[in-house]
Amino acid sequence: MLEHVTGMSATISGAGVAARLAEAPAKPAGGAALDQILIASGAAAVLTAALLVLGWGHRSGRVTVLARAAGLATRGPGRGTPGWAALPIPVAMVSLLVALLGMYWDISLHISHGRDEGPLANIAHYPILIGLFGIFTAGVLAVVLPKGEHPGPASVRITRDWHAPAGGVLLAGAGFYALLGFPLDDVWHRIFGQDVTLWGPTHLMLIGGAGLSLVAMMVLEREGRRACGDTGQPPGWLRYVRRCMHAGGLLIGLSVFQAEYDFGVPQFRLVHQPLLIALAAGCALVAARLWAGRGGAVFAVAFYMVVRGGVSVLVGGVIGELWAAVPLYFAEAVCVEVAALVLARRPLALGAVSGVLIGTAGFGAEYAYGQVAFRLPWTPDIVAEGMAMAVVGGVAGGVCGALLAEGLHGRTPRPAVARGLFAAAILAVAAAVANGLVVSVPQGRTATVTLTGVRGDAAHRTADARVEFSPATAVDGPAWVTVTGWQGQGLHVDRLVKVREGVYRTSEPMPLHGEWKTLVRVHDGRTLAGVPVYLPEDPAIGAKELPAPPRFTRDLRGERTILQRELKTDVPGWLWAACSAVVLLCTLALVLSLGWGVARIARRLPDRPGPAGAARDGSRAKAGA
């Protein structure tokens with residue numbers, strides 16, 4: 001479950017409020033109740049068994065429903081591909097959209113309402129589970145549907161007469177990996193407490209498995225189209241639209257890693273956001289331009305905006321939860337299209353040059369757009385390092401996007417070159433992320449908070465504040481100085497107004513009651529620190545209420561001790577490192593498996609020479625290079 005931000009079960013003043021809280025179910029802070037785990041596990045086992053029985057029935061000839069469904073799929077938008085590709089791809093795409101809605105809904109709920117009573121008590125968990133199981137189902141369908149036929153030279157042999165398309169195997173693996181994050185998430189919380197961040201290791205499994213399943217879908221589409229040969233090929237415009245939608249879906253999946261920044265409650269340095277934006281843009285948009293052709297990058301962004309913007313409207317407008325910002329990406333798409341005017345015949349050079357443009361011109365465009373769109377807009381404090389991080393992410397993503405598109409076309413560089421570039425891109429991103437994770441906590445610095453304009457009774461108390469840092473130079477040209485309040489049935493992010501050196505004031509009243517967790521946050525260079533203003537009592541973790549008197553002085557300390565209040569402090573550090581390393585290795589295995597799949601179809605489904613093959617396989621000439 002995406003336990004993005006967890007709340008506190010509070011015992012607050014006010015008889016009516018206290019009575020309601022007393023009747024509310026307790027919110028566990030270290031894993032879900034066993035009965036909910038058993039119910040969820042049982043339901044998953046039943047669904048998996050039903051799926052396996054359906055697949056066995058199809059393979060044995062006793063069940064015909066899958067064959068009929070696959071036949072219908074080949075008559076619609078999936079024409080030009082066999083049933084084992086035409087049916088699973090739309091199933092996976094719809095499932096991804098359902099999971100995406102659930103993820104942003106779930107994140108919004110945890111930010112505004114805190115942690116839930118269990119996995120079955122949060123309505124947003126259901127679309128996540130349904131969507132991820134749908135992705136796994138799509139992969140299984142692609143594996144079991146080929147009956148009495150050979151999916152092609154890139155297929156994977158399962159038995160003597162049963163070969164499965166490589167894309168189907170990868171799709172099932174990505175879906176299974178994402179689903180595995182659910183039970184492991186509960187185990188993680190039981191060992192370490194609630195790691196209240198989107199970037200928790202098991203949370204990244206959910207996001208990574210879902211987002212990277214688009215690569216498996218692209219591989220499956222390529223296998224299916226090649227298996228049909230010259231017969232029943234779809235019109236060029238339909239093939240173009242499908243490829244742009246796949247690339248746009250990849251952009252959506254990679255953008256989910258930015259969700260903390262979208263909502264305005266990141267727990268990491270601000271330079272991570274331009275890195276993540278550039279990485280997603282480089283990978284997805286370069287692939288779109290090279291795979292689909294002229295305008296592919298712009299079309300992919302348009303699809304991204306419709307879907308990603310639609311999710312924000314549904315969650316924030318229709319459902320009534322929090323709004324999430326939507327990075328624009330149009331400037332990055334234009335950068336790729338412009339670079340392709342000169343370098344479309346040199347894919348790797350296009351990826352690298354597009355990455356540089358994305359990291360510079362694209363960075364500038366997102367900087368300007370973010371001033372009105374982001375809750376925490378970029379500031380001059382991050383320009384130099386942020387742009388450098390964006391260039392690294394853009395170039396690494398652009399090279400990976402070029403390798404992906406060329407592999408789908410069946411024409412990659414020599415294996416040694418491709419492997420070297422792929423490894424270099426992964427290492428560059430890892431180094432940039434590690435750089436962004438290096439933070440410091442200032443010692444011997446304090447903040448004096450003076451409340452003004454106190455309003456409401458104990459159950460509805462709000463106030464303005466004046467914050468004075470000591471020494472005054474403790475905060476110098478920061479990325480942000482904010483008051484953040486969350487998990488009290490809403491979100492409050494107030495960028496403080498500078499009065500003079502070291503002195504700031506709020507621009508609107510902050511919540512100081514109920515289940516709100518309110519703190520002053522400071523991000524200055526590598527410094528990430530916080531000062532708790534008000535924290536509620538939380539019996540589940542044995543934490544007492546931290547009140548907000550009219551005037552108080554408190555030390556600046558690491559944000560993690562405030563934001564991740566539920567983390568257990570008695571767990572050995574080596575255990576956390578070992579468990580994180582296991583998750584990291586599993587994620588690396590998924591990424592390398594997808595790379596293997598792309599390399600496999602590039603090697604076994606090479607681009608066919610001649611005009612006919614070029615038209616059929618989307619060569620550079622047909623792509624408008």
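**Figure 1. Q487 and Q489 in the loop between β5 and β6 of the predicted model.** At 1% relative accessibility Q487 counts as buried, where buried means under 20% relative accessible area, exposed over 50% and partly exposed in between, with a 1.4 Å probe and protein chains only. Q489, at 63% relative accessibility, counts as exposed. Phi of Q487 is near 70°, a positive value in a residue other than glycine, and Q489 has a positive phi of about 70° although it is not a glycine either. Strand β6 covers residues 491-495; strands (E, at least two residues) and helices (H or I, at least four) are DSSP runs numbered from the N terminus. This is a predicted model, in which local features need pLDDT of at least 70 and side-chain atom pairs count only at pLDDT 80 or more, while totals for chains, interfaces and linings use all residues. Residues are numbered from 1 along each chain as its sequence is written, and side-chain values use heavy atoms, with hydrogens and water left out.

**Figure 2. The cis peptide bond between S470 and P471.** Omega of this bond is about -5°, and P471 lies in the loop that runs between β4 (462-470) and β5 (480-486).

Figure 3. With 32 residues (573-604), α18 reaches 46 Å from its first C-alpha to its last, close to the 46 Å expected at 1.5 Å a residue, the expected span being 1.5 Å times one less than the number of residues.

**Figure 4. The crossing of α11 and α15.** The axes of α11 (residues 272-292) and α15 come within 6 Å and cross at roughly 25°, axes being lines fitted to C-alpha atoms over the stretch in contact, with angles from 0 to 180 degrees between N-to-C directions. That makes α11 roughly parallel to α15, a term for angles under 35 degrees. The crossing is right-handed, meaning that the near helix is turned clockwise from the far one by less than a right angle.

Figure 5. The mean pLDDT (the predictor's confidence in each residue, from 0 to 100) of the protein is 88, and 91% of its residues reach 70 or more. Where pLDDT is low, the predicted coordinates should not be read in detail.

How values were computed
Parallel < 35°, antiparallel > 145°, perpendicular 65-115°, else oblique.
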